[in-house]
Amino acid sequence: MDPEMTRKLDAVLDRVKEPESRLSLAQLGLVSRIRHHPEAKKLSVFLSTIGPTRGCCTIIASLLLTTALKELTEEIQKEFPGLSVEIVDEEPLLP
């Protein structure tokens, strides 16, 4: 990925906040890596593993994460209008 694209993606991760803590996705380390697929005009955003949760905590965590990821997708698409965004949860929060 070119340095300008990396700089913009880092700025997006700093800008998007998790709704409950109001910490940025960068601060929380929720994104492990981002892969650019130029031929497909797509960015794949890989999520870090989120610790184990139970019962209602799992549902709440999932809802908060869904909100943050929706905002992340919107912000990436503002920065890179020609690219689609794929969120890849390598270890899903809910079974």
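**Note on side-chain contacts in a predicted model**

1. Glutamate 86 is partly exposed, with a relative accessibility of 32% (buried means under 20% relative accessible area, exposed over 50%, partly exposed in between, with a 1.4 Å probe and protein chains only). This is a predicted model, in which local features need pLDDT of at least 70 and side-chain atom pairs count only at pLDDT 80 or more, while totals for chains, interfaces and linings use all residues. Residues are numbered from 1 along each chain as its sequence is written, and side-chain values use heavy atoms, with hydrogens and water left out.

2. Glutamate 86 forms a salt bridge with lysine 42, at 3.4 Å from N to O (a side-chain nitrogen of Lys or Arg within 4 Å of a carboxyl oxygen of Asp or Glu). This pair links distant parts of the chain, with lysine 42 in strand S2 and glutamate 86 in strand S3 (residues 84-89), 44 residues apart. Strands are DSSP runs of E with at least two residues, and helices are runs of H or I with at least four, both numbered from the N terminus. Lysine 42 is partly exposed at 24%.

3. In helix H3, glutamate 74 and lysine 70 lie four residues apart, about one turn of the helix. Their salt bridge has its closest N and O atoms 3.2 Å apart. Lysine 70 is exposed at 54%, whereas glutamate 74 is partly exposed at 37%.

4. Lysine 78 and glutamate 75 also meet in a salt bridge, at 3.1 Å from N to O. Lysine 78 is exposed at 61%, but glutamate 75 is buried at 13%. Salt bridges with shared partners join Arg15, Glu75, Lys78 and Glu79 into one network.
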